[in-house]
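The following exercises examine a single protein chain through its local geometry and packing.

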Amino acid sequence: MSQTPPRGWHRLSGPALITGGLGVLAVLALAPQTPGAVWMAGVLAILVLAVAWRAARLTEAEGQAPLAPTRPRHENAPPYVSIINALPDPVLVIAAHEPDDLTGRRFVMVNDAARDLLRIQFDAGLLVTAIRDPQVLEAVDEALFGGMDSQAVYEMGGAQARVLKAFAKPLGEAPDGSRLALLVLRDETDIRRAERTRADFLANASHELRTPLASLSGFIETLRGHARTDEGAREKFLTIMSTQAERMARLIDDLLSLSRIELNEHIAPQGETDLALAVMDVVDALGPLARERGVTLTPCMPARGEAVVSGDRDQIVQVVQNLVDNALKYSPRDGSVAIALVSGLTAEAAAAPLRPRSARLSLLTPDHGPDLYAALRVTDSGVGLKREHLPRLTERFYRVEGQKSGERSGTGLGLAIVKHIMNRHRGGLVVESVEGEGATFSAYFPLVPGSLAMPEAPAPAAVTKPS
């Protein structure tokens, strides 16, 4: 919206014309009373009047020129503007005239932190264009028309959810009669995330550790009783006890890892990682396990430097390892796991379906823009997943029925960790499955801006279960 200052005709152009008229009279009065002198005085008077008229027109044109809706220049702004812009918390000054005019709440000043958080482009505008949360708007009304301090919780949506505490404080009346209020937003995402993570950790840990602890307690009592002198039973029970202890150790490690990831999930990681090199490191590390299980790993990687992504290398390696390890668990002996990496894809292309007959679900969709992505696609040759299981795959401790015991046992946290890491990296996660033909997990990371990206390649062929 443009703002037009008061026209200057009555303030500046009027005095200019009066000055020109007085100059004309002065020239005529001082001229000698001869025909030639009178003629010259008349010409000079006309020139003086013309200059005055031109000055008046320029003054009026300047008064009518609209002001561009640009941010105030700090070097020309009052000192308090620099102080407010230096505050880390978003600050807005809200003005309103009538309580019944719900669209009359306007922000008349915002600092830089508020501009960045709420994506405000103008110095003034309707409050509902920046904040639509009913609780925050009610808190602002209480400060504007109730004259009291008020608070509200503001939960911002998006893939990286944020929780803010809104503080509204009355500022009295403005010279034009409108009421003013100060609105301050304080980010409490870390505090609330830590509280929720601690509560979830206690609940999940107590639930999942109860079974192996009960098993260990039972075997200890047995070994202290009638099996004390039975060497065969003692060896069997100790092996089971060792397995349960290892499972508890893995569970605790996964819970701690998930808690650390969730605490920093809203903070984008810094750094760059060549995704192709990270994938090959995981393939080399899991090679002995794949040979032991009789499964072939078939990687298809781009050239070095063509899939450089933004992110934490250790967490990226954890994503690759969890996906490949899951594929190894659910692939039969003499099966294969295809690991394909495609770079230079848009978000839509990275999440596009690969097989027409598959049950497909996007487990995580990023708040993407025009960025390009590198997509990692891991395809197993197992029995596949039924459609009804797909929405719950990234839930903590969720395991598909019939896949909770034996060699396929796990903590049930692997895909939950993958989802949270991908969310922190502003990436996406998609699963596709065809019963009897295996499943494909696609995790796509944003490429480093300006990095070399290879042309979009065709989707890899589906890996079918060998006969």
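This is a predicted model: local features need pLDDT of at least 70, side-chain atom pairs count only at pLDDT 80 or more; totals for chains, interfaces and linings use all residues.

**Exercise 1. Carry out the analysis of Exercise 1 for Asp334.**

Solution. Asp334 belongs to the loop between α9 and β10 (336-345). Its relative accessible area is 64%, so Asp334 is exposed. Asp334 is not a glycine, yet its phi is positive, at about 70 degrees.

**Exercise 2. Find the aromatic pairs and classify each one.**

Solution. A search of the whole structure gives 2 aromatic pairs. Rings of Phe, Tyr and Trp (its six-membered ring) pair if their centres lie within 6.5 Å; planes under 30 degrees apart count as stacked, over 60 as edge-to-face and the rest as tilted.

- Phe219 and Phe237 have ring centres 5.0 Å apart and planes at 35 degrees, so this pair is tilted. Phe219 lies in helix α6 (residues 189-224) and Phe237 in helix α7 (residues 231-263), so the pair ties together parts 18 residues apart in sequence. Phe219 counts as buried, at 17% relative accessibility, and Phe237 is buried with a relative accessible area of 17%.
- Tyr373 and Tyr444 have ring centres 5.4 Å apart and planes at 85 degrees, so this pair is edge-to-face. Tyr373 is in strand β12 (residues 373-379) and Tyr444 in strand β14 (residues 438-446), so the pair ties together parts 71 residues apart in sequence. Both Tyr373 and Tyr444 are buried.

**Exercise 3. How many residues of helix α11 are buried, and against which elements do they pack?**

Solution. In helix α11 (residues 414-424), 9 of the 11 residues are buried, so the helix is largely enclosed by the rest of the structure. Among them are Leu415, Ile417, His420 and Arg424. The buried residues of α11 pack against α7, α9 (313-329), β11 (359-364), β13 (428-434) and β14, where contact means heavy atoms within 4.5 Å.

**Exercise 4. Describe the packing of α7 with α11.**

Solution. Begin with the axes, which are lines fitted to C-alpha atoms, for helices over the stretch in contact; angles run from 0 to 180 degrees between N-to-C directions. The axes of α7 and α11 are 10 Å apart, and the helices pack at an angle of about 20 degrees. That makes α7 roughly parallel to α11; angles under 35 degrees count as roughly parallel, over 145 as roughly antiparallel, 65 to 115 as roughly perpendicular and the rest as oblique.

The crossing of α7 and α11 is left-handed. A crossing is left-handed if the near helix is turned anticlockwise from the far one by less than a right angle, and right-handed if clockwise. At the residue level, Asp254, Ser257, Leu258, Ile261 and Glu262 in α7 meet Ala416, Ile417, His420 and Ile421 in α11. By class, the contact of α7 with α11 has 5 nonpolar, 2 polar and 2 charged residues. Here Ala, Val, Leu, Ile, Met, Phe, Trp, Tyr, Cys and Pro count as nonpolar, Asp, Glu, Lys and Arg as charged, and the others, Gly among them, as polar.

**Exercise 5. Describe the packing of α8 with α9.**

Solution. Helix α8 (residues 275-293) and α9 have axes that come within 9 Å and cross at roughly 35 degrees. The crossing of α8 with α9 is right-handed. Residues in the contact include Leu275, Val282, Leu286 and Leu289 of α8 and Ile316, Val320, Val324 and Leu328 of α9. By class, the contact of α8 with α9 has 13 nonpolar, 1 polar and 5 charged residues.

Technical notes:
Residues are numbered from 1 along each chain as its sequence is written. Side-chain values use heavy atoms; hydrogens and water are left out. Helices (H or I, at least four residues) and strands (E, at least two) are DSSP runs, numbered from the N terminus. Buried means under 20% relative accessible area, exposed over 50%, partly exposed in between (1.4 Å probe, protein chains only).
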